[in-house]
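Dear colleague,

I am handing over the structure below, and my notes on it follow. Please read them with the structure open beside you.

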Amino acid sequence: MPPMYVNIGAYVDEGTMIDSHALVGSCAQVGAGVHLSAAVQIGGVLEPAGARPVIVEDGALISHKACLHGARVESNALVGIGAIVLDGAVIRAGAFAELCRQLDAQLIDPHIAYLLSADQHEHHDRDQDSNS
């Protein structure tokens, strides 16, 4: 299993789990009790010049293969599998970002992260079930 890596200058608080092959860039700030799943990439601020640090607040879950750069993930939020969250985006406390391949029966670009509140996600799940 490949190792994880936390770059110099990054801060990771207590009780945080960093899974295999996850990378935490310089100046990133990761709160307490966070789970960084396998192959997560948390960007640093060494490049490009003037980049913002990634901030992941307490209790957040970053699912595997998610990529964060210049973003903020608030407390107890979830970033779903393969989501890409960039450049000033904020995932609000208790909400989540997920990679949606289909929304309202229309194919959506699989490289875009869609931000949904918990209520929107429940509505989306009900719509998906009724279309099955």
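**Thr16 and its surroundings**

Leaving aside residues up to four places away in sequence, Thr16 touches Val30, Gly31, Ala32, Gly33 and Val34, where a contact means heavy atoms within 4.5 Å. This is a predicted model, in which local features need pLDDT of at least 70 and side-chain atom pairs count only at pLDDT 80 or more, while totals for chains, interfaces and linings use all residues. Residues are numbered from 1 along each chain as its sequence is written, and side-chain values use heavy atoms, with hydrogens and water left out.

Thr16 sits in the loop between strand S2 (11–12) and strand S3 (17–18), strands being DSSP runs of E with at least two residues, numbered from the N terminus. Thr16 counts as buried because its relative accessibility is 18%, the limit for buried being under 20% with a 1.4 Å probe and protein chains only. The side chain of Thr16 also reaches the backbone oxygen of Asp13, at 3.4 Å.

**The sheet**

Five strands form an open sheet in the order S1-S4-S7-S10-S13, with parallel pairing. Strand S1 (5–6) and strand S13 (84–86) stand at its edges with a single partner strand each, so one side of each has no neighbour in the sheet. Within this sheet, S4 (residues 23–24) pairs with S7 (residues 41–42) in the parallel sense over 2 bridges, pairing requiring at least two bridges found by DSSP; Leu23 has Gln41 in S7 as its bridge partner.

**The whole protein**

Of the 132 residues of the protein, 36% count as buried.

Technical notes
Buried means under 20% relative accessible area, exposed over 50%, partly exposed in between (1.4 Å probe, protein chains only). Helices (H or I, at least four residues) and strands (E, at least two) are DSSP runs, numbered from the N terminus. A polar contact is a pair of N or O atoms within 3.5 Å; within protein, one must be able to donate a hydrogen and the other to accept it, and residues adjacent in sequence count only if both atoms are side-chain atoms.
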